[in-house]
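Trainee: Before we discuss this model, could you show me the sequence and the structure?

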Amino acid sequence: MEPRSRRRLRRSPPPQNGAGDPDGDDRISALPDDMLLQVLVRLHCARAAARTGLLSRRWRGFWARLPGLTFRDIPAGDVKSALAHVARRTAVSLLEIRLMASTDGKLDGACAKSLLRTAARLSPEEIVFVLPQRLMIKRCRGVTMVLPRFHRATSIELDMRFLRIMSPPAGELPVLEMLSISGNIVDVGGLLNRCPRLRVLRIIFRGVDPTSLEAALSTLETAAALGLVVSRLGIEFEEFNRRFSVDGTRFASLLLAAARISPQELLFTNSFRRLFDADLVCFHRTTSIEMNLHKIRFTQLPAREFSMLERLALNGCTITDLVTMIIRSPRLRMLKVHSVSLEDVKVHSVSLEELELDFDRHMECRSIDIVTPLLKQLKLKVHGDTNLRVSISAPMVEKVSWCRTYTTLPLIFGFWWLQSLRLETTETYKHKDGVLINDEAGICSQLPCVQVLSMEISSYNPVGVVVDFAHEMEKILVANFSVFELHLNAKGHAFGAFLLGLLGMHRIRTNTQKLKVVMPGWFQMTQASQCLGDCPCDDPKDWRSQSISLTRLEEVEIINLRGGDHEIDFITSILGWAPMLTRMIIKLVYEIEQSEIGGCATTIYNTCLAYPSVNCSIYLSSGKKLSGPRS
């Protein structure tokens, strides 16, 4: 008979203090060590795993034996102290460190350098070391981050922001296959020579002087020709760095050098001091291009196609012939252009699925022509006159964001100033603590999306121009919105007659299921905004006796109600206009006099008594609910 293996699963000591009592027995802590480690692995967080030591002495220190250690948004000092508890003999497969932004100046270059050396002591198979994105790091020009020799690492992700990075002075990274490195990288050639098995490189140059950068790009071009896959190439300059500048000639040279490498993804970021024109070169193997280049205008396009390009994002820069660029990108699925400086925009594409256009506020858009049969997401932020021409054909669109602002001051219904018009697709609307809120994160994905129409309207402006509001509404792509939000700054004027006309419009009257009226939380009466006896805000005078049929309206929310007579009249009217109304929520303004609160609430509650199907709730600005006769 062969002897049994001497290997045994380590178990906890026998339970004490009522182990025989099923209510007091800690059965989880009695599991074998290997199983407890599997429990901690599933927490995906070293800090959360360490906190299990509060449950029982049995759990204390177990986290230090995890094969994968992840530290996210934790101060550098705490990470360094935690790593000191991990034994050298521990086989760490993954060490992920994403540091928290420092506000006290303790995270400087020297601290980051020391922590990286501590991480190297564990020799993980995969290392992720990322400094905070929002740089609170001291500018330590004398500190150079030397990449340690991670002799077991097959994958390294290192983001040092704008700190200098150098390759190991001696020895190799013998098994490294994937390297993602970002920072002020010194001697790329020396780094590649230390990585004999490197297959994939993701690299972002930050703050490297242009001359050294061109030499580095030349080195990468040679390595790519020998088989190295450059999956991402990024070039970023410090926004306020005056040690060197990149002019048009230098930019063209850098862009051409990047095109010769033809990475799978290209990121180029720089703020130029003056506007200049440039030629856009062809990236024939690149699938994603993102350019944050302020004051650049691409006036010439290459004759070749961007045959692999699927994603194009432009911020601050412009392609003057966007039509041709789209034609020469037959696989383009996502197009994002911020600070569009074109007066006439035409986007015709049979491949686009996502389109985002954000127009420059200093440029008046005159026309928009979009034909995209496969488009699913559309986001437009347009600044233009009331004669803006809009033609959009996107039969498969699912999510829409439309923001319309005006170069003039359009007046609607003769008195009111339309400041902006928005349409948004949101996941759902729900009530929380008596307030109707938009909650995209906390709702299960099965709930349907809804379209929200939102307007910002203010009282009369004497220099405004009267416009046809119905014509403005026709420019909105989606017609079947169900939520109507009105941000109304009446400045003391009566608004009941205006809302009668607005809600009576066919498109609003037949679609609105939820109405939300938001008035400003502060108010200061001025001579210009005082409502005089002959003010047209309350015209027609008989609006209280008129009726409209809001047959789909089910919920009403009014924020910052002051309790004025004309506001109470509107509440009374809308209760009669909406036969299907089931819920009304009112939040009183903060400035309302304490002595007026009770009378205001009582008046509204008593008015609602005539409509037993309506559940009315009134709240103070603090969130406290005021009791009513039926509560």
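Mentor: This is a predicted model, in which local features need pLDDT of at least 70 and side-chain atom pairs count only at pLDDT 80 or more, while totals for chains, interfaces and linings use all residues. Residues are numbered from 1 along each chain as its sequence is written, and side-chain values use heavy atoms, leaving out hydrogens and water.

Trainee: What pLDDT does the protein chain average?

Mentor: pLDDT is the predictor's confidence in each residue, from 0 to 100. Over residues 431–437 it stays under 50, although 85% of the residues score at least 70, and the chain average is 84.

Trainee: Are α6 and α7 roughly parallel or roughly antiparallel?

Mentor: Angles under 35 degrees count as roughly parallel and those over 145 as roughly antiparallel, with 65 to 115 roughly perpendicular and the rest oblique. Helix α6 (residues 210–225) and helix α7 (residues 248–261) pack with their axes 9 Å apart, at an angle of about 15 degrees. The two helices are therefore roughly parallel.

Trainee: Is N480 buried or exposed?

Mentor: Buried means under 20% relative accessible area and exposed over 50%, with partly exposed in between (1.4 Å probe, protein chains only). N480 lies in the loop between α9 (469–474) and β24 (483–489). Because its relative accessibility is 54%, N480 counts as exposed.

Trainee: Which residues does N480 touch, not counting residues up to four places away in sequence?

Mentor: Contact means heavy atoms within 4.5 Å. The C-alpha atoms of N480 and Q451 are separated by 7.1 Å, with the two residues 29 apart along the chain. Under that sequence limit, the residues touched by N480 are Q451 and N511.

How values were computed:
Helix = DSSP H or I, 4+ residues; strand = E, 2+ residues; numbered from the N terminus. Axes fitted to C-alpha atoms, helices over the stretch in contact; angles between N-to-C directions.
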